Amino acid sequence: MSKSEFEPRIVALLCNWCTYTGADLAGTARMKYPPNVRTLRVMCSGRVDPAFVIFALQNGADGVMIGGCHIGDCHYAKGNYSSRRRAVILKDTLESLGIDPRRFRLEWISASEGDKFAEVIKKFTKELKELGPNPLNKGAQDA
Amino acid sequence: MLNKIRDYCRDLLESKKVEGILAVYTENGNYFPYFFTKKEELNNLCIDKKYLLLNSVKPLRENLVFLLQSKMPGKRIGILARGCDERALFELSKRGQVNLDNIETIGYSCNEEQAKICTCPTPYPTVNLKFGEKVEGVSEHKRWKEFSQLDIEGKRKFWEKEFSKCIKCFGCRNACPICFCKECLMEDRKFVKGGELPVEIPSFHFVQRYHHAAQCISCGECEIACPMDIPLRLISFVLLNRVKKLYDYTPGMNPKQECPIYTIKEERNEEALDELL
Amino acid sequence: MAYRANVLICGGTGCVSGGSFAVKKALETEIEKRGLKNEIMVIATGCQGFCGEGPIVIVQPDGVLYCKVNVNDVPQLVEEHLLKGRPYKKKLYTSPVEKAPIPALKEIPFFAKQRLVVLRNRGLIDPEKIEDYIAVDGFAALAKCLTEMTPESIINEIKKSGLRGRGGGGFPTGIKWESCRKAAIHRNVEPVVICNADEGDPGAFMDRSTIECDPCAIIEGMTIGARAIGAKQGFVYIRQEYPLARERLAKALEQARSYGLLGDNILGTDFSFDIKIVQGAGAFVCGESTALMASLEGKVGEPRAKYIHTVEYGYENRPSCLNNVETWANVPPIILRGAEWFTSMGTGDVSENPWGGSKGTKVFSLAGNVNNTGLIEVPMGITLREIIFDIGGGIAKGKKFKAVQTGGPSGGFLPESCIDLPVDFDSLLEAGTMMGSGGMVVADEDTCMVDSAKFFVSFLMEESCGKCTPCREGLRSMYNILDAITKGKGKEEDIETLQEIGEVMMDCCLCALGSSAPNPVISTIRYFKDEYLEHIRNKKCPGKVCKAMIIYKINSELCNGCHACTKVCPSDAIIGKQKELHRIDVQKCIKCGACIDVCPQEAIYKE
Amino acid sequence: METIKLKINGFEVEAYDKQPLIEVAEKLGIRIPTLCHNPIIEPYGVCRVCTVEVRHGRRVRMVTACNYPVSNGIEVFTDSERVIRNRKMIIEWLLGRCGNVPVLNKLAEEYGIAEPRFGRGTDNCILCGLCVRVCQDIVGANVLGFFDRGPNRYVSTSYDETSDLCITCGACASVCPTGCITIEGLQEGIYKEMPMGPITPIHIDFMQAVPKKAVIDHDSCINFKTGGCKVCVDVCEAEAIDHSMQETEKEVDVGTILLSTGFKLQDGRELKEYGYGKYPNILTSLDFEVLNNANGPTGGKIVTQDGKIPKAIGIIHCVGSRDKKYHEYCSRVCCMYALKFAHLIKEKIHDCEVYNFYIDMRCFGKGYEEFYNRLLREGVNFVRGKVAEISDATLDKSEEGKLILRAEDTMVGTVRRIPVDMVVLCLAVEAQEDAKSTARLFGCAVGKDYFVNEKHPKLAPVSTPSDGVFIAGMVQGPKDIPDTVAQAGAASSAILSLIQQKEVETEVVTAVIEESMCSGCHICVDLCPYNAITFYQDRKKSEINEALCKGCGTCVAACPAGAAQQRNFKDVQIYAEIRGLLAI
């Protein structure tokens, strides 16, 4: 598979109240964004255990994104704060383990930001395409 | 120093200030943790052998201090502590694993040689130093130079090679004082498949390192325990630096300071974090 | 060390301004020069009362009084009296009647008829030494009160004595104390005692003299009063214009405290009391009890309605017992010598009714056109004649007596027909004047009653606080009418209007200042209505005072053209050449009277 | 209190001991004249006009009724001959000082004083002291005092200089019986604050306030400045006033909440070209509403600041709305109220020219277009085009004092210059300033214009993401009254249906802790934003209160041992999902 043909797989762990709704809005508003994203709804970005990210990356995802409410807007008051603190450490962990930290993103997308969701996915897909397949994904490499 | 410590411990025991003192016992070249309650036994007390007193006792997965404390509730227990012992004590007390109130810490510092063996950045108790002098620690991992020059791909390759040595003995986990969970999540088959070598994907190591990001007390036990010499603490050094930089937090330094990753009680201005994402 | 003789120099304000301190210094120097230092003691005393003749020097035990002593007299006086043992004749008092020098103090009529109770220690003790006061039985009465008497028995004794307030109202002191004590007990509030030393009547200086010559008597009196009422705190409200009195009182307080006669546990008993001096700013109205208390509290010194008495709600709404200086000074002798001794002086019978008479003595400041002006203390019931003619030595310059005004500016005038009136609270009130705090001004035939009334009204108008309408506007309207009358613009109905104003003011004014203010006018109309009518109808002033109604003339027979008058005339109204008959230009004359005073021939007269 | 009996003018009356005589007399309907007495101020007893005769046994006294405390058995005569004589004299005296004071002249007339004996003075102050006392005792500002003595007494400020202690409360002027105290610029001030008019410290917030009750403005109330006054306390018969009341935070337990925090009008000063706040006769639509209100400062008369009736009025639509510089959205209500204003102006001032400047008319509702057509017939001028600038750049004398509007008339294709007397700006409606924080408080989100987002624009238009929290009105977005009422109705019925059910569904996705796996590290306790987790030291275990748990799962993510799990979002489920997503 040549690089230009590479279609990255993105796992998006989205907060129920903001980003998931935002993604919904992007859909109902018929906004265009790449089909590379596979969304997974959690109640809050704070629910995302970094192990999920690591697990996804090691099981074939080329990129993982966590989507949460803007800081201060968390439906659960503070979930996104703890999510953010974890994400920073996770990035470092990934980097020191030899995984490009750009494969992981934490984005604040509110329920009304369908356009932002589409935009972020577009950007993320483009970036991942440039990065190429996840080297941990042996299957993809083999294919 | 040893004699001074023995005298001190004798005084403590004689004055009944403590019920007993947890320290390392040596006899005939063997050494093991021991709860000294009689002053005569103090002749067997040793300080030159490293034995982290606070890692979990298998298979109870409880540390010695906790066990002692639950045996004799309300009684004061002495512990002869190196820097790493004290840090472990503090971290465990934050996590409810020991009760600091009833512990008399008799701290003593390690010498430079010992620090080098453990790659210890702070080879002395920061709060309860009673014996010995603070010596300069080792703040860089012995393989840091080699590792830091690698690019992302190089790092990946580096780890691929290192982890391929792993024999899934869980020694690193067992030796770790911070690993006190009753059941380890990482034993799950999805992270560590049984019966196969080498490790196909090193999720276990990833997650363990991440879990200890803001809790690792730099005792070096994991690397000492690892039979395959995997430089596990390379990652910990990176993460600890990050935590120190972001929150001015070093695990085990202050029993009052809460772990920034595990609390959201205080809302700080963390807009700067966004830039790191 | 015993001294052969004491030389007492009056240290009252009158004599001090006459140079008595300089005399004292000269005496001391002189005595030392003559080597008499160990034999003669020089003492400055309080006011001797004979202020018209000051500075006064008395030599005891000889009892010889010298008048108008100045520094130049000192060497001779020492030489004559202290060395040679004979009175120094030049400075002895000379009676204006007999024209012969009287050396003995006791024989001088001014002193002979006086009876000293309040001023008992005047001229005897050094007011700046509490030891002197103690030496003359001072604080014995207090000791008696603290050891032998209960508060009730003190009040009883005062009630029995019939002592009435000497500040003017004549309210029985015992009753006041009793109601104050009752109010304090009833309300369970600590009462205060206050000494009113805000003497504001023009020409009156009884209180000042009393404090200056015997400050400890007031302290003792107040302490006894405090003991009777149950007060722990006392105030002396003294006007700022009395620096000497204030200073002596402060000194006495300090000394009393150091002797344990003030402060905590007085004389070792559980009774504690202290006195604070508070300075007034010299407003006349602050002598009024409510205004005084307002001023004491730091507010504007204005009176309030007294429907609720100050003995119940006074200073800081505490029961307050306010008496004037003289009343307080009366207390120790009454306690010490008993009510019976006190009731032996004075008029009426107070055994049943405390209002039944006037007991004890009264201090007056005798002023005006009498020969002997000064401070006198006389028994109640003495007649005006005795005071004016015996003590006062008669009318000055041989003029005729016309009227006497008692009770300060708001007192009334009494004519000659009342000259035999006994001086006590009730007789005076009946005659249309009042006792007041003891001012007594004698007027001779050259006095215009309308003008005098106008003078007092104008004084009161200026001193009125202006708070209530009748006092503020009534006095103004009264003044305007009197002014018109003295200027020859009076109308006959003015007299009636004045009377009506007076009656309304007496009815409606807020405080005693206002309600007694019409007294000078009402009493002059009562006794000297003719003089008013003369002013109104004939535009004549019988006393030749009202400038608008007189003209100055020169008797052509007497004038010798000495030119003395032309030199002093401020308006160049006197025309005439030297050694020629002078003439006064009526248009230019401002009727200042300067020419009369200088004319050696007494050729100038008023018409 | 002890009751006593006394007689007034022969009538027996009961009173309590030491009650002021004037009060007792008033009870009998006997009027005693007084000049220095005001029931709110402690009696002073200085004018002495209230002098009456009191007999107690044989003792006869003249006393002032205002402060005389009655006692048992006294007999009072309020108009005996002596009283009348005294009173007349006092009035004459006062006339001698102040001959032209109406209140005195009235009294003089009453007592038959034609020509006072002491003349007629020209002063205005009768020295009753009411102003001084109100300032000292009631207001506590201690600005006024008496100066000098006797007839020279006068009321002034310290050293006769303007006092910086004065809080211009006007209390002195209000108690002055002669009206000789005036406050400079007070009348002017009314116009200055127009059209809202001056507001007293005690006022009803606005005409339609519910409940319609008076409030005290902390900033202007004298009591909060000096600690004095409290006159309102004395006069309030219901004893409803309590200055010691503090702002308190009340916790009210409710099951549902309806957010209807409304809107705010854009600040007109943001649009510099329109000169709001610079020229006096430029009003916002709300200003105009107040001016036009029959309860307003002018009683509903439409007048300019200097009190003149305007000859021409310009109404500008879409000020700040539909404008990329400010708000892109349409404020929805302006067109219709602007038409209403035009109609009302025409109704009140027939010959007034009304100009409506609009982008396009949005008369979307039932009967709205018809109303527009009616106005066209009424002779209201409609100019299609935005006003570029409002200025006072007049060309000649006839335009003096007018505002000049410059606008492009896109219908005609020219730039027009229209002088008017008054301009009404139909400013944009905005979300409240604190809309964002309010929304956050209730777990809702706001859109980019800060209006609160509904849960779903079509399916749940009155609900919010937070269960039990509903929205209605402008908080959700610009809407007119009928729409607001409709939305409020919908929201209330949604709330009612929740209440009717009597049971609420709790969160299903709560977290639970598997005790056997819990190692007691209490990481979860510190992370829980709802304090739903309790750590039991004795057992070294944590436990989740499911009623408090909202199911965010933060604790689950942090639990190192995997002891905490979220229902429906268990780790295994998520891992399975991830696997599914990645098709492995």
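This is a predicted model: local features need pLDDT of at least 70, side-chain atom pairs count only at pLDDT 80 or more; totals for chains, interfaces and linings use all residues.
Local features need pLDDT of at least 70 and side-chain atom pairs count only at pLDDT 80 or more, while totals for chains, interfaces and linings use all residues. Side-chain values use heavy atoms, with hydrogens and water left out, residues are numbered from 1 along each chain as its sequence is written, and chains are lettered from A in the order in which they are written.

**Interface of chain C and chain D**

- Chain C and chain D each bring 31 residues to the contact (heavy atoms within 4.5 Å).
- About 2700 Å² is buried between these chains, 55% of it on carbon and sulfur atoms (accessible area, 1.4 Å probe, lost on being put together and summed over both parts).
- On the side of chain C, the most area is lost by C:Tyr307, C:Arg472 and C:Asp507, together 26% of what that side buries.
- There are 7 salt bridges between chain C and chain D (a side-chain nitrogen of Lys or Arg within 4 Å of a carboxyl oxygen of Asp or Glu), and D:Arg85 and C:Asp507 meet in a salt bridge at 3.5 Å, N to O.

**Nonpolar cores**

- The largest nonpolar core holds 113 residues, of which C:Ile194, C:Leu498, C:Val521, C:Tyr532, D:Leu6, D:Ile8 and D:Leu21 touch the most other members (buried Ala, Val, Leu, Ile, Met, Phe, Trp, Tyr and Cys residues joined through side-chain atoms within 4.5 Å, where buried means under 20% relative accessible area with a 1.4 Å probe, protein chains only).
- Apart from this core lies another, of 101 residues, including A:Leu136, B:Ile103, B:Trp159 and D:Val509.

Definitions and conventions: Buried area is the accessible area (1.4 Å probe) that two parts lose on being put together, summed over both. Buried means under 20% relative accessible area, exposed over 50%, partly exposed in between (1.4 Å probe, protein chains only).
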